[in-house]
Amino acid sequence: MDVRTFEGSLDGRGLRVAVVAGRFNERATRLLVEGALDGLRRCGVEEAHVAWVPGAFEIPLVAARLARSGRYHAVVCVAAVVRGETPHFEYVAAQSAAGIARAALDSGVPVLFGVVTADDSQQAAERAGGKAGNRGRDAALAAVEMATLLRQLPGQPPAPEGS
Ligand code: INI
């Protein structure tokens, strides 16, 4: 039996990546963006574009547009949704997550979930570069892994122009 294994890598050379960031809870989100850009840089990604939106709820629309554009190998989404700050935490977090997943499935381009969901601002800070790591950086590394994996798989969509 022939077994062929597909696995992405963290070699991001030649990739173009978009980051979509929700401005709500901006202090945490800026750290998530920095973490994402740092992760992409460390992987050798040379070009990244950042789009800011008001909050996590608006991310899917912009992520879907960028994913469909044919210009990016991956789209990294970052935001901080804090339970203490909204009675509609579940709606904002769930719609953001569902929309981000849909953007990936509809476009065939990896759209990564670097959205922190936290009980309070302190927990959000811990996940945005504090003692619990940086979810933006994690999502950036996952973006490179997924983009390099999809390049190898059969049936992949056309690569972005200029790649
Ligand atoms: N958006 C967030 O990104 N994080 C939050 O914690 C949050 N809270 O607490 O409400 C939040 N709300 C704004 C939402 O994303 C939309 O921007 C707003 O509802 C307008 O559509």
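Modeller: Let's start with Arg16, which is buried at a relative accessible area of 15% (buried is under 20%, exposed over 50%, partly exposed in between, using a 1.4 Å probe and protein chains only). Keep in mind that this is a predicted model, where local features need pLDDT of at least 70 and side-chain atom pairs pLDDT 80 or more, while totals for chains, interfaces and linings use all residues. Numbering runs from 1 along each chain as its sequence is written, and side-chain values use heavy atoms, with hydrogens and water left out.

Arg16 sits in strand 1 (strands are DSSP runs of E with at least two residues, helices runs of H or I with at least four, both numbered from the N terminus). The side chain of Arg16 makes a polar contact of 3.4 Å with the side chain of Glu47. By that I mean N or O atoms within 3.5 Å; inside the protein one must be able to donate a hydrogen and the other to accept it, and sequence neighbours count only through two side-chain atoms. A polar atom of the Arg16 side chain is also 2.7 Å from the backbone oxygen of Arg71.

Asn25 is not a glycine, yet its phi is positive, about 55°. It also brings us to the ligand: a side-chain N or O atom of Asn25 is 3.1 Å from one of the ligand's oxygen atoms. A polar backbone atom of Phe57 is likewise 3.1 Å from a ligand oxygen, and for a polar side-chain atom of Glu58 the distance to a ligand oxygen is 2.4 Å. The ligand has 460 Å² of accessible area on its own, and the protein covers 79% of that (Shrake-Rupley areas, 1.4 Å probe).

In total, 13 residues surround the ligand, with Ala56, Glu58, Ala80, Val82 and Thr86 the closest; to be included, a residue needs a heavy atom within 4 Å. The shell has seven nonpolar, four polar and two charged residues. Strand 3 (residues 74-82) contributes the most to it, three residues.

Ala139 belongs to helix 5 (residues 135-152), and its relative accessible area is 5%, so it counts as buried. Setting aside residues up to four places away in sequence, Ala139 touches Val76, Leu112, Phe113 and Gly114 (contact here means heavy atoms within 4.5 Å). Ala139 and Val75 are 64 residues apart in sequence, but their C-alpha atoms are 9.5 Å apart.

Zooming out, the chain has five helices and six strands, ordered β-α-β-α-β-α-β-α-β-β-α along the sequence. Its radius of gyration is 16 Å, close to the 15 Å that the globule rule gives for 163 residues, so the chain is as compact as a globular protein of that length (C-alpha atoms; the rule is 2.2 Å times the number of residues to the power 0.38). Of those 163 residues, 44% count as buried. Among contacts between residues at least 6 apart in sequence, 78% join residues at least 24 apart.

Methods. Ala, Val, Leu, Ile, Met, Phe, Trp, Tyr, Cys and Pro count as nonpolar, Asp, Glu, Lys and Arg as charged, and the others, Gly among them, as polar.
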